[in-house]
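Here is a short tour to read with the model open beside you.

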Amino acid sequence: RAQEDSKGRSWLRTNRYAGPIRLHGLRVEYRLSAMKVEIVHQGRVVGRHERLQGRHGQCLDLDHYLELLWRKPGALSRSLPLRQARDQGCWPSQYDELWDHLRVRYGESEGTRHLLDVLLMHRENPADEIHTAVSLALEYGCHDSGAIAVLLRQLQASEPVAAPLVELGFLAKYEQPANRDFGEYDQL
């Protein structure tokens, strides 16, 4: 067990690792191995980091700070977790393009909150599908987290298969002959 600071980071040996900020002040356990650090809350792994090999480093996960950034959206652009995500190649360039469009459309704070909504989608959806939905949203010009959620659902939906009409039962009495003359309707 390690003591967290006010930013949700804990010293483990000579480095700091951040757990989910939503668990700040609650009892969490850090499990160290040679290559990774796991953060456990109530028996469930809630975070993973690669173990830092140097000294006095920090390993922060942007996902762990999303709730805090929702309340303070202006902090995202200069946050260390975002900088680390970019340095690690976990931040696609299309997110910056989307963020620019969102800030123009909604303003700085509200536009950033829309981007945070997209980032929160990563908790329940595969990253490649979200990236595809963001790319489609940029292509279609629909710069809105709600539109991206709709595009994501459409990507995940399989084609509906119509059930075969085997037994029509009492509906057979409504069957109409196919050779009816609809000329009367053309006059309308």
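Predicted model: local features only at pLDDT ≥ 70, side-chain atom pairs only at ≥ 80, totals over all residues.

Gln42 sits in the loop that links strand 4 to strand 5. Although Gln42 is not a glycine, its phi is positive, at about 50 degrees. The hairpin formed by strand 4 and strand 5 has 2 residues between the strands, and this is where Gln42 takes that positive phi. Is Gln42 buried or exposed? Its relative accessibility is 74%, so Gln42 counts as exposed.

## The chain as a whole

Let us step back for a moment. The chain has 7 helices and 6 strands. Reading from the N terminus, the order of elements is β-β-β-β-β-β-α-α-α-α-α-α-α. The chain has 188 residues, of which 35% count as buried. Among contacts in the chain with a separation of 6 or more, 44% are between residues 24 or more positions apart.

## Strand 4 and its partners

Strand 4 pairs with strand 3 and also with strand 5. Strand 3 (residues 29-32) and strand 4 (residues 36-41) run antiparallel and are joined by 4 bridges. A hairpin of 3 residues connects strand 3 to strand 4. With strand 5, strand 4 again runs antiparallel, and here 6 bridges join the two.

Glu29 has Val40 of strand 4 as its bridge partner, while Val40 in turn is partnered by Val45 in strand 5. Tyr30 stands opposite Ile39 in strand 4.

Why is strand 4 described as largely enclosed by the rest of the structure? The reason is that 5 of the 6 residues of strand 4 are buried.

| Residue | Location | Relative accessibility and class |
|---|---|---|
| Gln42 | loop between strand 4 and strand 5 | Gln42: 74%, exposed |
| His64 | loop between strand 6 and helix 1 | His64: 2%, buried |
| Gln154 | helix 6 (residues 145-156) | Gln154: 54%, exposed |

Leaving aside neighbours within four places in sequence, which residues is His64 in contact with? They are Ala18, Gly19, Pro20, Ile21, Ile39, Val46, Gly47 and His49. Gln154, for its part, counts as exposed because its relative accessibility is 54%, and the exposed class begins over 50%. Gln154 and Ala133 are 21 residues apart in sequence, with their C-alpha atoms 9.0 Å apart in space.

## Two nonpolar cores

The largest nonpolar core has 30 residues, and Leu62, Leu76, Trp91, Leu98, Val134 and Ile148 have the most contacts inside it. At least two residues of this core come from each of helix 1 (66-71), helix 2, helix 3 (93-106), helix 4 (108-120), helix 5 and helix 6. Which helix gives the most to this core? Helix 5 does, with 6 residues.

A second, separate core has 9 residues, including Tyr17, Leu23, Tyr30 and Val46. Tyr30 is the residue that stands opposite Ile39 in strand 4, and Val46 is among the contacts of His64.

Apart from neighbours within four places in sequence, Leu62 is in contact with Leu69, Leu76, Pro81, Leu82, Trp91 and Leu119.

## The largest pocket

Leu62 turns up again at the pocket. The largest pocket is lined by 26 residues, and those nearest its centre are Asp61, Leu62, Asp63, Ala85 and Cys90. Its volume is about 610 Å³.

How is the lining divided by class? There are 14 nonpolar, 7 polar and 5 charged residues in the lining of the largest pocket. Strand 5 (44-50), strand 6 (58-59), helix 2 (80-87) and helix 5 (127-140) each supply at least two lining residues. Strand 5 gives the most to the lining, with 4 residues.

Terms used
Residues numbered from 1 in each chain as written. Heavy atoms only, no water. 1 Å grid on protein atoms, 1.4 Å probe; cavity = no way out; pocket = protein on both sides within 12 Å on 5 of 7 lines; lining within 4 Å. Points joined across faces, edges and corners; volume = space filled by probe spheres on them. Nonpolar A, V, L, I, M, F, W, Y, C, P; charged D, E, K, R; others polar. Pairing = 2+ DSSP bridges. Buried < 20%, exposed > 50% of the residue type's maximum accessible area, 1.4 Å probe, protein only. Core = buried A, V, L, I, M, F, W, Y, C linked by side-chain atoms within 4.5 Å. Contact = heavy atoms within 4.5 Å.
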